[in-house]
Every structure is written in structure tokens, then in C-alpha cells.
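Dear colleague,

I am handing over the structure we spoke about, and below it you will find my notes on what turned up when I went through it. Please read them with the coordinates open beside you.

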Amino acid sequence: MAAPTLVMASRNAGKIRELQEILKDTGITLLSLANFPELPETPEVGATFAENAAAKALEVAKATGYPALADDSGLVVEALGGAPGVYSARYAADVTAPRPPADADNWQKLLRELAAVRPEARGAHFVCELALAWPDGRLRRFRGECQGVIAREPRGEQGFGYDPVFWVPEYQATMAELGPEVKNRISHRARALAAFKAQLPALKDELA
Ligand code: IMP
């Protein structure tokens with residue numbers, strides 16, 4: 001029997017490395033979109049993280065003939081009715097600008113939107129949805145969340161995206177002040193990957 005093969009529906013080297021690490025003792029061969037350069041990026045047009053992850057995973061599974069894993073993530077701010085949500089990467093987007101917004105544009109807009117919101121109402125969480133799809137359309141979901149509070153001003157130099165303004169009460173620090181060692185234990189992505197990993201023994205036959 002051939003070794004099970006899984007395709008990560010991403011070209012992001014960091015995400016591929018993370019999954020490679022998780023799969024290293026499982027006998028599963030990991031491919032990624034780097035092995036299928038002709039495949040286009042699936043546009044993220046869904047209303048939820050789960051829809052976006054599922055659409056990406058299904059498209060790649062059908063196109064490659066292998067089970068595929070895809071993720072979608074972002075920041076949910078309670079006082080803003082869930083925004084920026086699935087629009088996290090383009091929250092401060094300006095249709096007239098030649099480039100997508102920089103991380104700092106996005107978190108600066110967030111701080112402006114929350115300027116009048118009191119500390120106890122600044123709760124937020126990061127979400128990561130992972131979807132595992134098979135070429136025949138079967139689908140499994142895994143979700144991770146990380147709770148925090150939107151700070152009044154940025155702190156810290158590490159991480160990316162909204163990390164400088166995401167205060168983690170348990171550590172009394174922003175995500176950008178916590179090193180990768182802590183972040184990779186508590187993050188939404190780490191938790192979704194842990195949920196996937198916990199199911200791997202049960203999934204092994206389906207992945208073969
Ligand atoms: P994607 O799932 O890689 O498309 O990420 C969507 C967007 O969500 C990113 O561009 C960031 O703005 C935000 N985001 C996702 N994960 C994180 C994180 O760990 N820290 C900070 N921002 C994040």
C-alpha cells in the first residue's frame with residue numbers, strides 16, 4: 001500500500017513547515033501548492049472562516065486527487081459585531097491603493113474604531129478554522145481560538161498582523177511581546193492543529 005499523502009492548500013512556507021513538524025512521525029507524505037504551481041489561489045469569498053477553509057480544501061483535493069488541508073484565520077472583536085472577521089487581512093483596504101493594507105494600517109484602523117470603547121468591552125479572539133477534504137467531497141473541520149483584549153496602543157515587535165494590539169491577560173503582555181515559543185502553544189493556529197493532530201490516529205485509514 002502506498003504511503004498516505006496529504007496536500008497543504010497553501011504556498012506559505014511558515015504554515016507548511018508547521019504542519020511538516022506535526023506530521024513528522026506519522027508516515028504521511030506532505031505536499032503543498034508548491035508541488036502544484038499550476039493551481040490558482042482559491043479566492044476567499046465565504047461569509048465564515050469555515051466556509052473559506054472548506055472551499056480551499058475541497059478545490060485542492062479535487063484538483064490534485066489527494067486529501068487536502070486548508071486553513072483560514074482572523075480576528076473577531078466582540079464590540080464590532082465580529083469585525084474584522086473574514087476581512088482581517090484587508091480591514092483597512094483602500095480600493096484606490098495599489099497594494100493591500102500593511103499590518104499596521106489594519107490595527108491602526110481597529111484602534112480608531114475602538115477609541116470610545118471602555119476596557120471591559122474590548123474583548124476579542126483569534127480564530128483558526130482548518131478543513132480537511134477528500135477528492136470525493138468528504139470534509140472534516142477543526143477549530144482553534146485564542147482569547148484576548150484589544151489594547152489601547154501597540155506593544156512588542158514579534159509576530160505579525162494584529163499581534164501588537166492583542167493583549168493576552170494570562171501573560172500580561174501583547175501577542176507581539178510573547179516569543180514564538182509561547183505563541184506556538186497558545187495561538188488559535190496551534191490549537192486547531194492540535195485538534196487535527198489528536199484525530200490523526202483515527203483518520204489514518206481514511207488518509208491511506
Ligand atoms: P490568513 O488566514 O493567513 O489569510 O490570515 C488572515 C489575517 O488574519 C492575517 O492577515 C492577519 O491580519 C490576521 N491574523 C491571522 N492570524 C493572526 C495571528 O496569529 N496574529 C495576528 N494576526 C493574525
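**The ligand and its surroundings**

An oxygen atom of the ligand sits 2.7 Å from an N or O atom in the side chain of S73. Please bear in mind throughout that this is a predicted model. A nitrogen atom of the ligand is likewise placed 2.7 Å from an N or O atom in the side chain of D163, and there is a nitrogen atom of the ligand at 3.2 Å from a polar backbone atom of Y162. Of the 490 Å² of accessible area that the ligand has on its own, the protein covers 87%. In total 14 residues surround the ligand, the closest being K15, S73, D163, K183 and R189.

**Helix α1**

Helix α1 spans residues 13-23, and within it I16, L19, I22 and L23 are buried. Seen down the axis of α1, these buried residues fall within an arc of 120°, so they line one face of the helix. As background, an α-helix has 3.6 residues a turn, so residues three or four places apart point the same way. The partners against which the buried residues of α1 pack are the strands β1 (5-8), β2 (29-32) and β3 (68-77), together with the helix α5 (188-207). At the start of α1, a side-chain oxygen of N12 comes to within 2.9 Å of the backbone nitrogen of G14.

**The nonpolar cores**

The largest nonpolar core has 21 residues, and those with the most contacts inside it are L75, L110, I150, Y162, F166 and M175. At least two residues of this core are supplied by each of β3, α3, β4 (123-133), β5 (139-150), β6 and α4 (180-186), while the largest share, 3 residues, comes from α3. If neighbours within four places in sequence are left aside, L110 is in contact with L75, V77, L80, P84, Y91, I150, Y162 and V165. Apart from this core lies another, of 20 residues, among them M8, L69, C128 and L207.

P84, one of the contacts of L110, deserves a separate look: a cis peptide bond joins A83 and P84, with omega at about -5°, and the place of P84 is in the loop between β3 and α3 (103-113).

T174 lies in strand β7 and, at 0% relative accessibility, counts as buried. A polar atom of the side chain of T174 lies 2.7 Å from the backbone oxygen of R155. Neighbours within four places in sequence again left aside, T174 is in contact with R155, G156, D163, P164, F166, W167 and V168; among these, D163 also belongs to the closest residues around the ligand, and F166 is one of those with the most contacts inside the largest nonpolar core.

The loop between β6 (166-168) and β7 (173-174) holds E170, which is exposed, with a relative accessible area of 65%. Although E170 and Q147 are 23 residues apart in sequence, their C-alpha atoms are 9.6 Å apart in space. Q172 lies in the loop between β6 and β7 as well, and Q172 is exposed too, with a relative accessible area of 53%.

With best regards

Key: Residues are numbered from 1 along each chain as its sequence is written. This is a predicted model: local features need pLDDT of at least 70, side-chain atom pairs count only at pLDDT 80 or more; totals for chains, interfaces and linings use all residues. Side-chain values use heavy atoms; hydrogens and water are left out. Buried means under 20% relative accessible area, exposed over 50%, partly exposed in between (1.4 Å probe, protein chains only). Helices (H or I, at least four residues) and strands (E, at least two) are DSSP runs, numbered from the N terminus. The arc is that of the directions from the helix axis to the C-beta atoms. Contact means heavy atoms within 4.5 Å. A polar contact is a pair of N or O atoms within 3.5 Å; within protein, one must be able to donate a hydrogen and the other to accept it, and residues adjacent in sequence count only if both atoms are side-chain atoms. A residue is near a molecule or strand if one of its heavy atoms lies within 4 Å of it. Accessible areas come from the Shrake-Rupley method with a 1.4 Å probe; for residues, only the protein chains shown count as cover. A nonpolar core is a set of buried Ala, Val, Leu, Ile, Met, Phe, Trp, Tyr and Cys residues joined through side-chain atoms within 4.5 Å.
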